[in-house]
Amino acid sequence: MSALTPQSDMPTPTTDKITQAAMETIYLCKFRVSMDGEWLCLRELDDISLTPDPEPTHEDSWEDLTDVVEQLRDDSEDPNYLMANERMNLMNMAKLSIKGLIESALNLGRTLDSDYAPLQQFFVVMEHCLKHGLKAKKTFLGQNKSFWGPLELVEKLVPEAAEITASVKDLPGLKTPVGRGRAWLRLALMQKKLSEYMKALINRKDLLSEFYEPNALMMEEEGAIIAGLLVGLNVIDANFCMKGEDLDSQVGVIDFSMYLKDGNSTKGSEGDGQITAILDQKNYVEELNRHLNATVNNLQAKVDALEKSNTKLTEELAVANNRIITLQEEMERVKEESSYILESSRKATKDRSADGQALTEARKQLKEETQLRLDVEKELEAQIGMRQEMELAMKMLEKDVCEKQDALVALRQQLDDLRALKHELSFKLQSSDMGVKQKSELNSRLEEKTNQMAATIKQLEQSEKDLVKQAKTLNSAANKLIQKHH
């Protein structure tokens, strides 16, 4: 305050000089950051009136300026005020970093790596957000603050995160918790699940209270806002090779020069609207492709099950045919034996030389052979009933094949709709001035996926034809068996 208070032995400065000095000064006041659209702005304090009163006196000007600076100093010394200000600053930086990363990645049109400057700045901002309000843990070497502890909780909340946590622990070059936390953030971004993991972590404030202060960013509303902003990063493809990267000794310093802009600069909202519309259409097409792929996979699984069932029915039919042939042969043998026994008994009666006991045994044997013949006929009837059941199963199989044909027709219709949507999207992409390379790449990916789906549908049609041929073959075999039996 001594620098702002007029000295007794110096002349009092004029109001114009005071105003000019204030206008040339930028008050950061504990890292004050403001947002102007898509850029970071450092502004003069709005609390200070830089326009002089109509008839000011030098003493009033000094007193007003002194009161304002005193008030700012009192506010800056309030811990709650400082924490709230830091949370707002970090949230604004996260907005700028995420938005700039998405736009630059789409304009770049390729997979990002660890050397990409906007991506490096994004990880630095995320590291600052996770470190805000961390409780210090006492160790033998002193106090330690690390955000690796909260990130380890994610695998307990979301089972899918266990894979990247195990991968981080297995990396040989990581020796500090800070390095593990940085590696975890990179793997989560590659997995496109960073937003999901952060939301699950923020929703469990009862667990976070062990690591963070009550007014930390992760415990307040700003943390939930940042987690929602991270959803937009799912459109980015990133690939990191962390085996040779030194994540333990990196210095996390935010480069504000990437986001600074004059407060009077304007922004182009029309280009942003076009990019947003294209991203929405891209997400819709990708979701439709995933749905169609799931439908094709389900249909393929059903076709495989039908093929297995058809093979099983064919084997059962072959076994039944062999059994029928065996029973028929046994029935012929029984008939021949019965005829032989009857003829033997007739000869014995004519000659009257056969013994009465032999005749009784012959009659007993005849009854046994007759009973055996009846049993064979019953088994033959059972085999005929089984054949009828197999014919019914064949009819059901044909009905299922017809249903699969209808499903294929529906899939073709959906494929035509997808192609029409692809043409519409191609037209919109051609009319856009921004992102020509990214749009052509997207169009080629869509064509590749469409060709893959068309090839899959052709394979399904070929499999369907094979099933129909097998069904016809089985039906003709069954008809031949019926004709042979009659």
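Analyst: Contact means heavy atoms within 4.5 Å. This is a predicted model, where local features need pLDDT of at least 70, side-chain atom pairs count only at pLDDT 80 or more, and totals for chains, interfaces and linings use all residues. Residues are numbered from 1 along each chain as its sequence is written, and side-chain values use heavy atoms, without hydrogens or water.

User: Which residues is glutamate 127 in contact with, leaving aside its neighbours within four places in sequence?

Analyst: Phe147, Val178 and Arg182. Glutamate 127 itself sits in helix α4. A helix here is a DSSP run (H or I, at least four residues; strands are E, at least two), numbered from the N terminus.

User: Why is glutamate 127 called buried?

Analyst: Buried means under 20% relative accessible area, exposed over 50%, and partly exposed in between (1.4 Å probe, protein chains only). Glutamate 127 has 6%, so it counts as buried.

User: What makes glutamate 210 exposed?

Analyst: Its relative accessibility is 56%, so glutamate 210 counts as exposed. Glutamate 210 belongs to the loop between α10 (205-208) and α11. Its C-alpha atom is 9.3 Å from that of leucine 134, although the two are 76 residues apart along the chain.

User: Why does glutamate 152 count as partly exposed?

Analyst: Its value is 26%, so glutamate 152 is partly exposed. Glutamate 152 lies in helix α5 (residues 148-152).

User: What is the phi of lysine 192?

Analyst: Lysine 192 has a positive phi of about 60 degrees, and it is not a glycine. Most residues other than glycine have a negative phi. Lysine 192 is in the loop between α8 (177-191) and α9. At 33% relative accessibility, lysine 192 counts as partly exposed.

User: Why are α3 and α4 called roughly antiparallel?

Analyst: Compare the angle with the cut-offs. Helix α3 (residues 79-108) and helix α4 (residues 117-131) have axes that come within 9 Å and cross at roughly 155 degrees. That makes α3 roughly antiparallel to α4. Angles under 35 degrees count as roughly parallel, over 145 as roughly antiparallel, 65 to 115 as roughly perpendicular, and the rest as oblique.

User: Which residues of α3 and α4 make the contact?

Analyst: From α3, they include Leu90, Met93 and Ala94; from α4, they include Leu119, Phe122 and Cys129. By class, this contact of α3 with α4 has 10 nonpolar, 4 polar and no charged residues.

User: What makes α3 and α11 roughly parallel?

Analyst: α3 and helix α11 (residues 221-229) pack at about 5 degrees, with axes 10 Å apart. They are therefore roughly parallel. Arg87, Lys95 and Ile98 of α3 are among the residues making the contact, as are Glu222 and Leu229 of α11. The contact of α3 with α11 divides into 7 nonpolar, no polar and 3 charged residues.

User: How many disulfides does the structure hold?

Analyst: The structure holds 0 disulfides. A disulfide needs a pair of cysteine sulfur atoms within 2.5 Å. Cysteine 129 is buried at 3%, whereas cysteine 402 is partly exposed at 42%.

How values were computed. Axes fitted to C-alpha atoms, helices over the stretch in contact; angles between N-to-C directions. Nonpolar A, V, L, I, M, F, W, Y, C, P; charged D, E, K, R; others polar.
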